[in-house]
Amino acid sequence: MKFIIDFANLDQIKEMYEYYPLEGVTTNPSILAKEGKNPYEVLKAIREFIGTEAELHVQVVSLNAEGMIEEAHRIQKELGANTYVKIPVSREGLKAIKALAVEGANITATAIYTQMQAYLAGKAGAHYAAPYVNRIDNLGADGVKVAKDIHDIFKKNGLKTEVLAASFKNSQQVLELARYGVGAATVAPDVIEGLVKLDSVTAAVAAFTKDFEGLCGEGKTMVDC
Ligand code: G3P
C-alpha cells in the first residue's frame, strides 16, 4: 500500500517526510484553502520539495466537464509529470475522466462514496479511485468495506485502477486497508502521528534508557559509554 500525506502545509509536510516513509502528497480545495495563498504558489513549493518522481494530486473545482478539462490542462502545465488530476465522480466528472484518459492524463477519481462510482471511474480510465472512508462511516455505512469492495471489483474485472483510500480518522481504518493490500492510502498528519503514538512503546523505551543509565551513567549512550 502506497502511503501518501493528505495535506498542503509545506513546513509540516517537510517535517512529516523527515519522520515517515511518505510517497507523495494529495490535496483538495479545502486543504488548499487553509493555506490562504495562491494554490499554485503552494503546490509548486510542494512539487519542488517532493521532486518530479513523487505523486502530487490536485483537485478541480468546476462543475461541468469542459471546465474540469480546462483546469486539468492548467494543473498539468503548472505542476508537471506525476501530477494526478483529482476529479469528483459526478455525471460531469465521468465525462471529463473519459476525455482526459484518452489524452493520457493521470486521473484520481475522487469524492467516492459508492462502489459503483468507483467502478464507472475505473472503466472511464482513472488511475486511482478515492473512497472517503471516514465520511462513509459518518453516513452510517462501512467505509472500510466500501474501499475493500472497490479493490475487489477492480481486480475481478481486470481494471488497472487502484484504490487510493482517503478521509481517515483513526489507525484501525488504515490498518484494515493495509492488511487488505489496497493500492494506496492518503492520511492527514494527525492520523499518521496516531499510528505510532503508543504508551506501551514510550514506557518500554523509558525502561531501557533507565537500565542503561544505571550501567553507564546519566545521559550516556552506546556512543559514549
Ligand atoms: O481529499 C479527500 C479526503 O481526504 C477528505 O478527507 O478528512 O476531509 O474527510 P476528510
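This is a predicted model: local features need pLDDT of at least 70, side-chain atom pairs count only at pLDDT 80 or more; totals for chains, interfaces and linings use all residues.
**Entry 1: a pair in α8.** I started with Asp149, which forms a salt bridge with Lys145, their closest N and O atoms being 3.0 Å apart. For a salt bridge, I need a side-chain nitrogen of Lys or Arg within 4 Å of a carboxyl oxygen of Asp or Glu. Asp149 and Lys145 sit 4 residues apart in helix α8 (residues 143–156), so about one helical turn separates them. I take helices as DSSP runs (H or I, at least four residues) and strands likewise (E, at least two), numbered from the N terminus. Lys145 is partly exposed at 45% relative accessibility. My cut-offs are under 20% relative accessible area for buried, over 50% for exposed and partly exposed in between (1.4 Å probe, protein chains only).

Residues are numbered from 1 along each chain as its sequence is written, and side-chain values use heavy atoms, with hydrogens and water left out.

Entry 2: Next I looked up Glu78, whose side chain meets that of Lys44 in a salt bridge (2.6 Å, N to O). Glu78 lies in helix α4 (residues 65–79) and Lys44 in helix α3 (residues 39–50), so this pair ties together parts 34 residues apart in sequence. Glu78 also has a salt bridge to Arg74 (2.8 Å, N to O). Arg74 and Glu78 are both in α4, 4 residues apart, or about one turn. I find Glu78 partly exposed at 23%, Lys44 at 40% and Arg74 at 41%. I counted 8 salt bridges by this rule.

**Entry 3: a lysine without a partner.** Is Lys86 buried or exposed? Lys86 is buried, yet has no salt bridge. Its nearest side chain of opposite charge, Asp6, is 5.0 Å away (Lys and Arg count as positive, Asp and Glu as negative; His and the chain ends are not counted). Lys86 lies in strand β4 (residues 83–88). Among the residues it touches are Thr27, His57, Val58 and Thr110, leaving out those up to four places away in sequence; contact means heavy atoms within 4.5 Å.

Entry 4: I checked the domains, whose bounds come from an automatic or database assignment: domain 1 is 2–189 and domain 2 is 195–225. Their centres, taken over C-alpha atoms, are 40 Å apart. Helix α11 (residues 199–216) has 18 residues and reaches 26 Å from first C-alpha to last, close to the 26 Å expected (1.5 Å times one less than its number of residues). Just after α11, Gly217 takes a positive phi of about 110°.
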